[in-house]
Amino acid sequence: MAVPVLSISSAEPVSTAAEVLVLGVRKTADGPRLAVGDGAFPSVSSALAGIAATGGVDELRRLPPLDGSTASIALIGLGSGTLTTDSLRYAAGSAARQLTGIDSLALALPVTDGAEALAVLEGAGIGAYAYTGYRVSTIGTTKTPADDIVVHVPAAIADDAAGVVARASTVAAAIHTVRDLVNTPPSDLYPETLAAAAVDVAQGLPLDVEVLDEAALEAGGFGGILAVGRGSVRPPRLVVVRYSPAGATRHLALVGKGITFDSGGLSLKPPAGMVGMKYDMTGAVTALAVVVAAAQLALPVRLTAWLCIAENMPSGAATRPNDVLRMRGGTTVEVLNTDAEGRLVLADGIVAASEENPDAIVDVATLTGAARVAMGERFTPVMGDDEIVKKLVAAGAAVGEVLWHMPMPPELRSLLDSDVADIANAKPGNTSGGMLIAAHFLKTFVGSTGDGDAKRSIPWAHLDIAGVANNPGSPHGGIAKGPTGTTVRTLLRFAEDFSTP
């Protein structure tokens with residue numbers, strides 16, 4: 001779905017031409033209270049008790065036009081806590097998500113500065129999403145969110161609106177890009193077509209896109225990507241997207257897992273476990289969306305995204321348990337579980353990224369079911385070097401996404417010892433610390449810079465988004481059921497902060 005047209009207005013909300021006007025309701029000890037001052041909507045305030053409004057988060061109530069407004073009124077709960085940019089973003093996203101079957105929407109939430117205006121615009125733009133690409137007989141009855149959204153703010157904020165609107169639109173577009181690609185069925189989105197989509201998304205921007213096909217991967221020694229893709233009739237790809245603005249002094253590499261469908265390979269998943277495995281390329285499209293957004297926003301940092309793309313299928317040509325792979329750079333890996341394939345493609349990407357000596361590497365991947373078990377579906381575990389992990393956690397907090405620093409206990413590394421190769425990709429039968437063990441595997445492939453006493457490992461962090469990338473349950477805020485686009489905003493903020501040492 002196209003991103004809604006976002007705008008800001010300093011006009012009085014009551015005069016809006018939109019179909020629906022959204023007002024915020026606070027939850028207080030004395031009952032619900034309308035979050036607009038000066039008695040602008042007295043009839044709406046009087047109606048709160050009669051419609052059983054409480055002001056709780058995600059609570060939406062509808063009223064007809066009142067108090068001189070020609071728009072119908074929608075009341076969105078703001079909760080009982082202190083109003084913050086996060087709570088305003090959440091409320092705007094919830095309202096835009098729930099109000100469907102309309103063309104235009106106006107929001108009049110208690111915005112007091114540019115940061116809050118950005119949060120409301122961003123939340124509304126993210127929440128107004130629907131995927132209808134494969135609806136035919138049901139498209140006529142499918143209700144979609146508004147495609148025109150205006151946020152009413154004080155005049156002093158509206159005077160400086162252009163940059164706020166542009167940023168919110170760019171962020172929403174990045175998240176919609178992730179959702180659209182993840183929603184596309186694997187019959188149509190496979191390594192070749194995902195690579196083509198990356199080229200299309202980069203069109204017209206200061207980006208260089210390189211696509212390595214199976215012959216180039218073979219010549220380059222990308223043994224992990226080739227091995228995972230060997231069982232499919234649709235061969236793998238490595239896509240490199242480069243953003244190199246003039247004057248940039250720092251280089252950040254993003255490595256994304258792009259398994260367009262994961263059957264488990266010969267270590268076949270059970271039928272129920274295979275449903276939803278089109279989501280296994282979310283890391284790659286997250287990295288893509290971040291670099292595209294950075295180019296659109298002209299961030300002063302060099303970014304390179306490595307999209308490691310393959311389809312993991314069983315066949316007579318598929319990689320077997322006990323096969324030994326020679327990865328990019330020469331490290332050998334004994335495959336003990338072909339369903340631990342994401343780390344194999346990422347390893348090649350991390351090595352290739354390391355060869356360019358970036359200032360830091362961040363990989364993002366729907367890597368382990370253990371991440372969902374340990375952290376649920378709203379917390380993103382992050383592992384790696386302490387300093388870069390702290391900065392990622394801080395970037396997430398700044399944009400309202402929760403990242404959690406997880407340890408890498410050194411004793412777990414020995415579980416990946418192999419009898420015949422440098423390292424094994426998994427420890428069959430082990431049920432403890434799977435997310436942490438996977439991080440140890442990836443760290444093995446992070447390169448170093450310098451020589452002798454000056455030699456150091458490239459700063460690295462790993463985001464396991466297996467739990468947060470897809471919402472299988474109840475919608476919340478601007479997140480509907482399905483792909484979420486979570487960590488796009490965190491990584492974009494991290495890249496922006498990374499531009500200065």
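## Salt bridges across the chain

A search of the whole structure finds 22 salt bridges, a salt bridge being a side-chain nitrogen of Lys or Arg within 4 Å of a carboxyl oxygen of Asp or Glu. The structure is a predicted model, in which local features need pLDDT of at least 70 and side-chain atom pairs count only at pLDDT 80 or more, while totals for chains, interfaces and linings use all residues. Residues are numbered from 1 along each chain as its sequence is written, and side-chain values use heavy atoms, with hydrogens and water left out.

One of these salt bridges joins Arg97 to Asp58, with the closest N and O atoms 3.4 Å apart. This pair links distant parts of the chain, since Arg97 sits in helix α2 (residues 85-98) and Asp58 in the loop between α1 (42-47) and β4 (60-63), 39 residues apart; helices (H or I, at least four residues) and strands (E, at least two) are DSSP runs, numbered from the N terminus. Arg97 counts as buried because its relative accessibility is 16%, whereas Asp58, with a relative accessible area of 21%, is partly exposed. Here buried means under 20% relative accessible area, exposed means over 50%, and partly exposed lies in between (1.4 Å probe, protein chains only).

Arg234 forms a salt bridge with Glu311, and their closest N and O atoms are 2.8 Å apart. Distant parts of the chain are again linked, with Arg234 in the loop between α8 (223-229) and β9 (237-243) and Glu311 in strand β11 (residues 302-312), 77 residues apart. Arg234 is partly exposed at a relative accessible area of 22%, while Glu311 counts as buried at 4% relative accessibility.

The side chains of Lys257 and Glu341 also meet in a salt bridge (3.4 Å, N to O). Because Lys257 lies in strand β10 (residues 251-262) and Glu341 in the loop between β13 (332-334) and α11 (342-354), the pair ties together parts that are 84 residues apart in sequence. Lys257 is buried, with a relative accessible area of 2%, and Glu341 is buried as well, with a relative accessible area of 1%. Elsewhere, salt bridges that share partners join Asp86, Arg89, Glu122, Glu401 and Arg489 into one network.

## Surface patches

Phe379, Val402 and Trp404 form a nonpolar patch on the surface, with about 280 Å² of accessible area together. Patches are made of residues with over 30% relative accessible area and no salt bridge, like charges being joined within 9 Å and nonpolar side chains (Val, Leu, Ile, Met, Phe, Trp, Tyr) within 5 Å; accessible areas come from the Shrake-Rupley method with a 1.4 Å probe, and for residues only the protein chains shown count as cover.

## Strand pairing

Strand β2 (residues 20-28) and strand β3 (residues 31-34) run antiparallel and are joined by 4 bridges, where two strands pair if DSSP finds at least two bridges between them. The two strands form a hairpin with 2 residues between them, and Arg26 stands opposite Arg33 in β3.

An open sheet of 3 strands has the order β12-β13-β17, with mixed pairing. Its edge strands are β12 (324-326) and β17 (423-424), each of which pairs on one side only. β12 and β13 run antiparallel and are joined by 3 bridges, with Val324 standing opposite Glu334 in β13.
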